Amino acid sequence: MAAVAPSGSTATLSIHRLAPPWVRRWARIIGRRLLFFLITLWLVLTLTWLLTRVVGGNPAFKLAGPTPTPEVVHGIEVKLGLDKPLFTQYVDYLGNLARGRLGTDYFTSQSVGQEVVDRAPATLQLVAFGGLLALLFGLVLGVLSALRRGKPVDHAGRVVSVLALATPDFFLGLLLAYLLFYKLHVFPAPIGQLPVGTAPPTKITSFYLLDGILSGNPGASWAFLKQMFLPALTLGLIYMAPILRLTRASMLDSLASDSVLYAQACGLRRSLVVRYALRQSMTLVVTFLGILIAALIGGDVLVEQVYSWGGLGQFGVEAVVNDNYPAIQAFVLIVGVLALVVYTIVDIVYTLIDPRVRLS
Amino acid sequence: MSTGEFPADALSSPEWDVGAAPSGRRRLVSALAGRGALVTGACLVGAWIVIAIFAGQIATHDPRTPAGPPLSAPGSFVFGTDTLGFDVFSRVVYAPRVDLYLAAGGTLIAVVIGTVLGVAIGMARGFLADAPMRVFDALQAFPLLVLALALVAGVGQNSGSIIAAIAFINVPIFVRIVRSQVLSLRERRFVEAAVADGNPRWRILSRHILPNTMSPVLAQATNSIAFAIVVIAALSFLSVGLKPPTPEWGEMIQGGTQGIQSGQWWMSIFPGAALATLVLGFILLGEGVQNVLKVERTA
């Protein structure tokens, strides 16, 4: 129904008027987010592009094989379009990007878009599970620390968190692999997403965990879960530290707040008061968790390397080391997009936790 | 004056504790607890600096030449030998030289550049005050390790590029800290008074504004050094850092990765523990400095 919008807003779509208020509000919020995101993404992609061209090595050299004579190298440069002036290359890149053509991997000749999309689920599952473990450990210890401030539990929690913060992730990964795989045989070998001899489940969502269950092959899902546990535990233990500190500080603040005082004065039982205090302190923790997961999507490189996980992190590292320009750009692009999705989810969860929050 | 059994500690902050002064023992404990991090951190860092300086005297063998049969467990060789027969102990002891030098160097450069830029952007008004921050935002959107990786892999695997990479990834952090301090300081009364007194710009900047920006910078600097050490080790772990046979903990950990799966733990665990203790030392130092200066840290 094409009703003309009232004269105050000539730019609004006609249907806009008919949508319920909450849809309009969310459309506005997401629209603004998207605009801001696209600008930042463009900036990030351009910076990457410049960095790799200016600072990076010459991929033609690496592709030339055993006899990198100047003629051979130059021939490859022409083929890849690297001999054109920088500005022309940049305009070409933007043009292709706008048309959705992300380019071909210099080394495998496959579409880089496909390559990153293939590897994203592995990283997403790992990071999500790791983040969940970090949340679990950090929240529980943080709340305990806050409730029993100054007691041994608090000090132990602080010691553990500083230790976890100081240990580099690749070392912790190796340590856990040694203890829990080699010594105690609790978990399988760190050789990737699935153990040797297990075929991946049929591809429905391309998330191994779900695909196994959905295609009636729960054994594959279980095997995947077991393989995922150690790297996720590594991530969880390390990132439990900042969550613990944040929860503790946030919880202490909220326990000292007026609303908790009032709840106590009303005579509510202790567990209820704690629950209310916890709810108040959750917004900070949720924000941090969102930032953490978004950062881990591109930043779990080392853990992926130790456990041969084959996700985005490893892909990005290899691309950078090989000067695989289209792969690098695609990697940065997908990390940025996934980060935006995570931030948006966090904001939605925000409003669910704290109804007073109004996203402007 | 505690108002009930729950949660007594949250309510026992000074404003509630009217009248009762804490006992002598409690004061000692709280003073030590505040300084505990500083002392422990300083000891750890100090110990490693001493080890780095006196590595020549402490090490049992030359870290750059094979010393014995490969893959021997700790015994006659204090920490055992690795896959090529190098003595693990000597390499562990020599490695901090490289790490400390690169991490401290890179961070120092980042502090200097970051402070200069931060003051400039902070004192600017209008477009120049916001636009550069968007660029830094975009820069900080990268996973830092990948950024450092790109720089080192591209420019070359030598000390210079590693220092440059560390400086590069840390500059935005310091710019942000200094800029926010400058922004809040420039509206303060004492700055206004200094301007009214007729002080030239440079004097106001150097005498009034700059010294007050230094506390958060110092706290962040120790953290940055800790992070830089981890980054250097990570780069070596990915074989993109300094080339062997230069002893470096990350590279040693990587060399021992295969061994872990068959139970040869000494090649990775010792350098890893060394790395963890040095990083721990800097982190504790940072916390201690923060406690002492009572400063808010910008993450």
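A crossing is left-handed if the near helix is turned anticlockwise from the far one by less than a right angle, and right-handed if clockwise. This is a predicted model: local features need pLDDT of at least 70, side-chain atom pairs count only at pLDDT 80 or more, and totals for chains, interfaces and linings use all residues. Residues are numbered from 1 along each chain as its sequence is written, while chains are lettered from A and ligands numbered from 1 in written order.

**Exercise 1. Describe how helix 7 of chain A packs on helix 11 of chain B.**

Step 1. Locate helix 7 of chain A at residues 169–183. Helices (H or I, at least four residues) are DSSP runs, numbered from the N terminus.

Step 2. Take the geometry. The two helices pack at an angle of about 140 degrees, with their axes 10 Å apart. Axes are lines fitted to C-alpha atoms over the stretch in contact, and angles run from 0 to 180 degrees between N-to-C directions.

Step 3. Classify the angle. Helix 7 of chain A is therefore oblique to helix 11 of chain B. Under 35 degrees counts as roughly parallel, over 145 as roughly antiparallel, 65 to 115 as roughly perpendicular, and the rest as oblique.

Step 4. Helix 7 of chain A passes helix 11 of chain B in a left-handed crossing.

Step 5. List the residues. F171(A), L174(A) and L175(A) meet S268(B), G272(B), L275(B) and A276(B). Contact requires C-beta atoms, placed from the backbone, within 7 Å.

Step 6. Sort by class. Ala, Val, Leu, Ile, Met, Phe, Trp, Tyr, Cys and Pro count as nonpolar, Asp, Glu, Lys and Arg as charged, and the others, Gly among them, as polar.

**Exercise 2. Describe the contact between chain B and chain A.**

Step 1. Count both sides. Chain B has 40 residues in contact with 44 residues of chain A.

Step 2. Find the helices. Among those of chain B that each supply at least two residues are helix 8 (201–237) and helix 11 (266–293).

Step 3. Sort by class. The chain B side has 30 nonpolar, 7 polar and 3 charged residues.

**Exercise 3. Is I76(A) buried or exposed?**

Step 1. Count neighbours. I76(A) has 21 C-beta neighbours inside 10 Å, so I76(A) counts as buried. Buried takes 20 or more other C-beta atoms within 10 Å, exposed 12 or fewer, and partly exposed lies in between.

Step 2. Name the partners. Not counting residues up to four places away in sequence, I76(A) touches A60(A), L63(A) and A64(A).

Methods: Two residues are in contact if their C-beta atoms, placed from the backbone, lie within 7 Å.
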